[in-house]
Amino acid sequence: MISVHALSLTIGRTEILRNIEISFDAGKIHGLIGRNGSGKTMLMKCICGFVRPTAGTVTVAGKQIGRDCDFPDSMGIIIETPGFIPYYSGYRNLRLLAGLNRKIGREEIRKTMQTVGLDPDLKRHVRKYSLGMRQRLGLAQAIMENPDLLILDEPMNGLDKEGVSDMRRYLLDLRSQGKTILIASHSAEDIAVLFDTVCEMDKGVLTQQA
Ligand SMILES: Nc1ncnc2c1ncn2[C@@H]1O[C@H](COP(=O)(O)OP(=O)(O)OP(=O)(O)O)[C@@H](O)[C@H]1O
Ligand SMILES: [Mg+2]
């Protein structure tokens with residue numbers, strides 16, 4: 001599904017990623033671990049097509065990013081804080097975003113919100129959402145168009161115990177539907193119960209794959 005070949009990224013004089021070589025199979029949950037600043041988010045941004053690598057290639061579903069397409073075709077993402085409009089409700093935010101692709105309508109949005117434990121009729125503005133609610137809305141946005149590939153950068157951030165186990169359940173459910181999921185996480189429990197494969201980054205280098 002994803003293949004990263006000889007990928008390096010240098011910004012200014014700083015080498016952020018060095019010669020990354022990895023592939024991620026379809027239909028699995030792949031974990032990306034490593035210390036703060038080791039390059040997880042940057043690698044994800046290169047895979048998404050948000051950042052162009054200095055050298056090397058990223059190929060997703062047979063298409064080379066930056067050559068055959070700008071972004072992977074069927075992808076949902078959570079990278080850093082999802083950018084919602086603070087003075088709209090959750091539903092209205094998703095409605096606005098769904099309007100860009102026109103793939104889904106009202107019913108799919110409502111259903112997705114309910115799936116992640118949010119009330120689509122809640123009028124509260126997103127700026128008044130708790131961190132965990134915002135995280136759930138981010139997941140709803142990532143999955144609402146039913147993409148084949150999910151790239152989730154620390155999706156458990158800010159979730160309480162119940163939220164974390166809900167999120168794990170959604171992700172396992174998505175895997176059983178054949179989705180490919182790449183997740184960056186610092187949680188030992190995610191490694192134990194969620195990930196089919198784990199790779200570890202250290203200072204921009206991939207140090208371990210299991
Ligand atoms: N826009 C940027 N310009 C220059 N350097 C950057 C930029 N963004 C990130 N970096 C640097 O790239 C390195 C990797 O950062 P990255 O965000 O990928 O780490 P991470 O593994 O995701 O860390 P964390 O666990 O804290 O999320 C860090 O040294 C960071 O300072
Ligand atoms: Mg990060």
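Into which domains is the chain divided? There are domain 1 (1–74 + 147–210) and domain 2 (81–146), with bounds that come from an automatic or database domain assignment. Keep in mind that this is a predicted model, where local features need pLDDT of at least 70, side-chain atom pairs count only at pLDDT 80 or more, and totals for chains, interfaces and linings use all residues. As for labels, residues are numbered from 1 along each chain as its sequence is written, while chains are lettered from A and ligands numbered from 1 in the order in which they are written.

**Where the domains meet**

- Taken over C-alpha atoms, the centres of domain 1 and domain 2 are 23 Å apart.
- Contact (C-beta atoms, placed from the backbone, within 7 Å) links 13 residues of domain 1 with 11 residues of domain 2.
- On the domain 1 side, strand E7 (149–153) and helix H5 (161–176) each give two or more residues; helices (H or I, at least four residues) and strands (E, at least two) are DSSP runs, numbered from the N terminus.
- H5 supplies the largest share of that side, five residues.
- By class, that side of domain 1 has eight nonpolar, three polar and two charged residues.

**Around ligand 1**

- The shell around ligand 1 (C-beta atom, placed from the backbone, within 6 Å of it) includes Ile 11, Thr 14, Ile 16, Lys 40, Thr 41 and Met 42.
- Strand E2 (14–24) and helix H1 (40–48) are the elements giving two or more residues to this shell.
- H1 brings the largest share, three residues.
- Sorted by class, the shell has three nonpolar, seven polar and one charged residues, with Gly counted among the polar ones.

Key:
Two residues are in contact if their C-beta atoms, placed from the backbone, lie within 7 Å.
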